[in-house]
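Subject: Structure handover

Hello,

Please find the structure below, together with its sequence.

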Amino acid sequence: MIQQRHIDDSSLVSEGVIKTSDATDAPRARFRLFIITGVIVERTDSASLHDHGEPLNLTELWIFGSPGSEAKSCALTRATTSCWEIKTPIELATEVQGIDCIVKCDDGDDFGFLHLDIGKMRKTNMCPNYGHGQKITTNDAQIHMNMSWKVVKIPWEYTQLNLYGEYLREAKKNWTHLCFHPDVAFQLQKHGVQLFERPSDLTDLNNAILLLQQAVDLISGRDGALPSQLCNLGAALAHRFEWRGDLADIDYAIALLQQAVELTPRGHATLPTILSNLGNSLNGRFERTDLTPRGSADLPGYLSSLGTSVARRYERTNELSDITEAISMQQKAVEITLPGHPSLAGSLNNLGTSLMWRFERTRDIADIDGAISVTQKAVELTSEGSYHLPTFLNNLGSAFSRRFGQTGNLPDLVDAISVQLRVAELLPQGHVNLPACLSNLGGSFTRSFERTGDFTDIDDAISVRQRAVGLTPQGHSSLPLYLTSLAHSFYSRFNAGGNSRDLEGAIFNYKEAAMSPSGRRLIKLQAAKFWVNTTLARHRPQALEILLAFDTVLGLIASIAGLDQTVKGRYTQLESISGLAGKAATAACTFGRVDKALEWLEQGRCLVWNQLNSLRTPLDELRRHDEELAGRIADVAKRLENAGSSRAEPHPNMSFSEKISIEDESRAHLDLSKRWNDLLGAARAIPGFESFLRPPPCSILMEDLPESGPIVLINVDEHRCDALALLAGLNKPLHIPLPSFSIEKARKFRTILDSELRTRNLRVRNIDVVTSGNGERGIRRLPVVKGSGDHPVSKVLRGMWEEIVKPVLDALEFSRVDQASGEVPPRLWWCPTGPLSFLPLHAAGIYHGSETESVFDYVVSSYTPTATAIIDRVKNHRSVDAKTSGLFLTSQPSVFGASAIPGTTSEVRSILKRAEENGVRALSLEGDELTVNACLERMQEFSSIHLACHGSQNASDPLKSRFLFHRGSLGLDRIVQSNLKNADLAFLSACETSTGQNKLSDEAVHLAAGMLAAGYRRVVGTMWSIGDLAAHNVAITFYDYLFAHGKSTSPYPR
């Protein structure tokens, strides 16, 4: 899809508005360095327009005339058939007044001559990027040549300040060098950025702008570094606008940043920062209402451009609030644009594109209807020969095609194809937008084939999409999209015709798209999912290529939910890809690769908690090698953690100043993420740290397992169910196939349990509707079931025992423990995946009949969200500081809006009494005695906490989950940010504290996992609502055992 960016000409300023001599108060007269850059040699006669005849092969430009120096050769590089360029700038010292230039052919003969009057050029008061040109006298009267160039003059003061670094010091020793060092542009930018980032006064900022302007002037328009140079200069100018309020600064900044956006490929890593800077500059310009009054002709253009910038940010973040905000701005731009204004068509097109993007997210038919309506108006307002007409038509065709996909209304498809064929005819070969238009046309042909079955349509679709791919160079950011689209068409034809070559074509193109080094990560992930799920898993399940495909998928998942996003944003991204790690593990088990199965389950699950854990990884070993680098990593890690959990979200009713503040936070967050990646790269460059903070391989995971018992991961998929047991002393997991169990049974068991829990009001979804007030925590007691084991819950527990738990215990050779004799059962950590995460494996057993047995007869069960959570704590085991060892307790029995839970008071008082009797340092605060801040202080002072209260889980943003107090709510985000270095045990005597969320079954989205992530090594929680009396009894029994066996309890997490 093409989105035309409207740039209102009135917002642009004339080239060179920031003149070299105007950006500082330095004297104008003295210039030490004189640089010629952007040299182009071009053939201008009419013969150059035809292809016949012998081509010219020009190779060198020789320069004579610098005092005391020999002639210097500069290479000529062919840019087109009739144009050559010199990529290296030419530096001339003060004493040079003129130079002679000779153009040479590949045979060494002189071909042309010209003399440059440098003295005259010095006297001319030129603006930056001012273009010069002069005719070349050739030895062939039929051939006409011209040379053009730009000039940069460096004031004497800046060479004396040595702002160029080491190069200038060397240059001062020997002014005979004519060729400018290629690193100087970089050095200019470096020193300019340093001055800009730490300006002590306006003079520093002026100097920074001067240096950054010179860096831009030195770089060719074809240089890949130009967008970042433009971005830096634009940011500096915008900053000076904040100091001085000079409209010229912000206008020039906007123009530079718009140019940077145009030059940056979609999907490039720097594009979000450039767009963010542009959005801030447009916001700043708009905020000055005295500069841009409501009736100003500039205002619609600014609003439309700002809306487009926010829409492009949506491409990266996938945050619905971004695209909604973009639409709001673009609608306002359309509303205030006068009829007949030349910018109206562009604004309508931008609005239509954003509506189309939101439709793809929400499937709201009103959005796609609106997109078609406004884009049709844009087309109607655009003249037949306009440059923008193909873009508007292409977007209109895409909108028609998408509405057909939603409604199945065939006239929409006919209109789409008609419009897209017209676009293909309008665009000349080589036009930058032609591949996108062809790919869209192929999509409409594919939909037509799927509706009508006419193979001519699908043949045409493949043909035009192959042409789109062929016209797109390697490394282009849109190539993965075109490859994926082509693969879709191949697969559609394969489904209809069964030709294996079409299947091969689909697999090949999905693979090429997924493994492309450039392009949008979401597009590549979609391609990878199609590659592995739609083609390989369905048609080639025995092909080893499936392992490569899953490896690619999991690598992309980690980048989709990156640290540059908020925690909520990461979970939003992960909703659509939950379960992929389990599918990968299934494939690995099928091929006997239990090592890969373990690696993928750890890499692809609980991504957000793992990211938080990586930000808190001890850096002792790295600090011994590079203390300064370790310190920088620790600092950025802490700031990233705070940014991910505390960043505000935009909403339509915000003022522009608030939006600017949020945009600044977003940009700073993105910059932190980039710095984090750079620092990781620096650490991994150190010998011995190549795997620093990378997902560990199986061999490393098996090194630090607890001695007290195994960790058992259970993976369930549509095709099979497997357990992987991790035991200390083994070098790979013990593979335990579970052929009797299936994902269908897991879902059935869960449905039965949910139904029973709801029937008896044991699955309370919203605490604010719980009003029983019957002395229980919002629920009724489950009646005892008499008779045989025919009750649905009994069947579920028996099924789990016979088909999952007992086979695992048998494979581990665990025998029944005679607990009456005082024998202590071994430990076992369950790590279930997918729908198994919602089932009580710890309670599996046969509870009716003459031969009863259950998990409790064999092991002491605990859960862990990942094996790594246990392994890291074994590896980095620490003792609790004696000063903080102790238990803090609180009861919150009467929270406004929630059911009363009076039993919490007696529960806490009973535990406190037992703690004091056993010599345990303890403190209790009840109800109104405790504020949220006071609770956080007590959590720093006590290693363990007992929370007897209501809990509220936020599935979409787990760090917003909270515990409800009389005097406010204690959010998980506050706990996580507290950096609880001595946290040990958290007992969550609240409802549903370990209940996960359907769409994120692999992400452990619950309070118990959050407390583990916050630093607590052991957490007790509930899978569903718990009765007040039952909670009291469980807690008392737990602490009685803990106090009695405190000295022998395991230090590992529970």
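Predicted model: local features only at pLDDT ≥ 70, side-chain atom pairs only at ≥ 80, totals over all residues.

Helices H15 and H17

Helix H15 spans residues 434-452 and helix H17 spans residues 479-497; their axes come within 10 Å and cross at roughly 20°. That angle is under 35 degrees, so H15 and H17 count as roughly parallel to each other. The crossing in which H15 passes H17 is left-handed. On the H15 side the contact is made by Pro435, Ala436, Ser439, Gly442, Thr446, Phe449 and Glu450, and on the H17 side by Tyr482, Ser485, Ser489, Ser492, Arg493 and Ala496. Sorted by class, these are five nonpolar, six polar and two charged residues.

Glycine 497

Glycine 497 also belongs to helix H17. Its relative accessibility is 52%, and it therefore counts as exposed.

Helices H18 and H19

Helix H18 (residues 500-514) packs with helix H19 (residues 521-539) at an angle of about 150°, and their axes are 8 Å apart. This crossing, too, is left-handed. H18 contributes Leu503, Ala506, Ile507, Tyr510, Lys511, Ala513 and Ala514 to the contact, while H19 contributes Lys524, Ala527, Ala528, Phe530, Trp531, Thr535, Leu536 and His539. The class count for the contact of H18 with H19 is 11 nonpolar, two polar and two charged residues.

The sheet

An open sheet is formed by five strands in the order E13-E12-E11-E14-E17, with mixed pairing. Strands E13 (734-737) and E17 (860-863) are at the edges with a single partner strand each, so one side of each has no neighbour in the sheet. From one strand to the next, the twist averages 25°.

E17 runs parallel to strand E14 (residues 827-832), and four bridges join them. Tryptophan 830 has tyrosine 863, in E17, as its bridge partner.

Helix H30 (residues 792-811) packs on the sheet and touches strand E11 (711-716), strand E12 (721-726), E13 and E14. The direction of H30 makes about 145° with that of E13. Helix H31 (residues 867-875) lies across E11, E12 and E14, and runs at about 160° to E11.

Regards

How values were computed
Residues numbered from 1 in each chain as written. Heavy atoms only, no water. Axes fitted to C-alpha atoms, helices over the stretch in contact; angles between N-to-C directions. Helix = DSSP H or I, 4+ residues; strand = E, 2+ residues; numbered from the N terminus. Parallel < 35°, antiparallel > 145°, perpendicular 65-115°, else oblique. Left-handed = near helix turned anticlockwise from the far one by under 90°. Contact = heavy atoms within 4.5 Å. Nonpolar A, V, L, I, M, F, W, Y, C, P; charged D, E, K, R; others polar. Pairing = 2+ DSSP bridges. Buried < 20%, exposed > 50% of the residue type's maximum accessible area, 1.4 Å probe, protein only.
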